[in-house]
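Dear colleague,

Please have it open while you read.

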Amino acid sequence: MFKTATVIAGCFVFIQIGFAEESVWVRHTIDNTSRGADGIRVADINSDGHPDLVTGWEEGGQIRVYTNPGPKAADSAWPLSIAGHVASPEDAVFADLDGDGQMEVVSCCEGKNRSVYFHWQNGESWDTVAVPAMKSQGLWMFCTPMNIDHQNGIDLVVGAKGNNAQLGWLQSPSDPREISEWTWHPLTEVGWIMSIEVTDMDGDGDDDILYTDRKLSRRGLHWLEYERDGSGTPQWTRHTIGGTDREVMFLSQGDLNHDGQSDIAVAVKNGPITWYERVGASGQNWREHEIPMPSDAGTGKGIAILDIDLDGLNDLVFSCEHSGEKRGLEWLKRDNVMSDEWSFIDIAGLEDGVKFDLLQTIDLDQDGDLDLLTCEERDNLGVIWYENPTISK
């Protein structure tokens with residue numbers, strides 16, 4: 001534990017940096033006024049330098065956008081707008097669909113809805129339109145923007161779950177506002193998509209698709225290598241990293257062994273936290289490591305790689321489902337990058353929360369350490385964030 005002194009408006013402010021295991025992560029509620037908050041995605045939609053949020057409320061049937069009020073008010077309820085009313089939303093993400101500099105929202109729906117929607121800003125309100133190519137075509141679970149054909153603006157990578165489920169991309173037309181002209185291109189059969197990330201896996205200068213599939217014969221952690229044939233048509237080759245013998249959930253990328261290369265961690269339902277050490281730059285070779293889950297935690301759901309306590313070593317934080325009377329959020333640290341011994345440190349306690357979800361790590365109070373943003377949909381804690389106690393003023 002140590003202190004640094006900073007001068008603010010002529011006064012010395014001492015900032016204490018360090019971490020004690022008994023330090024309390026204070027929970028702050030952004031919104032708990034609907035039902036079934038299911039995942040949080042982030043973008044600065046008003047260009048004020050503060051990250052804004054979008055969430056689908058599955059049981060409430062709403063897509064809500066939250067405008068960040070700034071660090072001084074971040075611990076209170078955030079201003080919100082309802083981008084749309086849709087049944088069974090499973091995911092919502094920001095995307096500038098028409099390239100005008102203003103963010104739209106794309107929502108993915110399962111249940112009886114089985115559709116993907118575009119939510120367009122219209123002054124102070126929003127217009128919601130189902131994409132014809134996707135309507136009633138799948139139990140859509142996750143979407144990530146990606147400029148695949150480099151022609152008409154942003155395209156979308158979308159994945160589903162269930163029988164005949166697909167992972168593919170939705171191609172933007174010359175006029176993205178012509179919803180009927182968006183074209184669906186399936187890439188591979190899947191069982192249940194959890195994560196989709198756009199990243200250059202092989203260092204060749206173009207983006208590939210990294211994803212987790214938790215069910216059926218093609219489950220595991222995979223990536224689709226992006227290439228172009230002679231005509232310029234995108235071509236894809238699937239590579240498997242691991243996890244084909246377990247139910248992999250959300251993923252996170254980061255340098256866990258501090259060798260300058262990006263590793264990948266996945267949460268596993270009813271299994272150990274698993275991380276894959278990158279061996280070489282090609283994206284073809286990986287070394288698997290397992291971290292057993294503690295007996296007093298729920299089952300793995302979300303995962304993130306970050307330096308929580310600012311000691312220069314990357315840590316892991318994970319969220320859980322089935323955490324009634326068990327721990328739903330914890331973080332793991334180790335003394336050095338060569339150690340296989342991880343210490344588990346509680347975040348959320350045992351009292352509140354049953355089903356936590358996707359994790360985002362952002363310094364919401366701008367005190368210099370990363371806070372933990374997530375949602376919980378069974379105790380209806382809603383959209384919440386936990387204040388990192390590493391730096392106290």
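The largest pocket holds about 340 Å³ of space, where a pocket is an open set of points, on a 1 Å grid over the protein atoms alone, with protein on both sides within 12 Å along at least five of seven lines, and lining residues have an atom within 4 Å of a point. Of its 18 lining residues, Glu197, Leu251, Leu358, Leu359 and Gln360 are the closest to the centre. Strand 24 (299-306) is among the strands that each supply at least two lining residues, and strand 24 gives the most, with 4; strands are DSSP runs of E, at least two residues, numbered from the N terminus.

This is a predicted model, in which local features need pLDDT of at least 70 and side-chain atom pairs count only at pLDDT 80 or more, while totals for chains, interfaces and linings use all residues. Residues are numbered from 1 along each chain as its sequence is written, and side-chain values use heavy atoms, with hydrogens and water left out.

The mean pLDDT (the predictor's confidence in each residue, from 0 to 100) is 93 for the protein, with 94% of residues reaching 70 or more.

The second largest pocket has about 270 Å³ of space. Its lining comprises 22 residues, and Asp38, Glu90, Met141, Lys301 and Asp357 lie nearest its centre. Strand 4, strand 8, strand 12 and strand 16 are the elements that give two or more residues to this lining.

Best wishes

Methods. On a 1 Å grid over the protein atoms alone, a cavity is a set of points where a 1.4 Å probe fits but cannot get out, and a pocket is an open set with protein on both sides within 12 Å along at least five of seven lines; lining residues have an atom within 4 Å of a point. Grid points are joined across faces, edges and corners, and a volume is the space filled by probe spheres set on the points.
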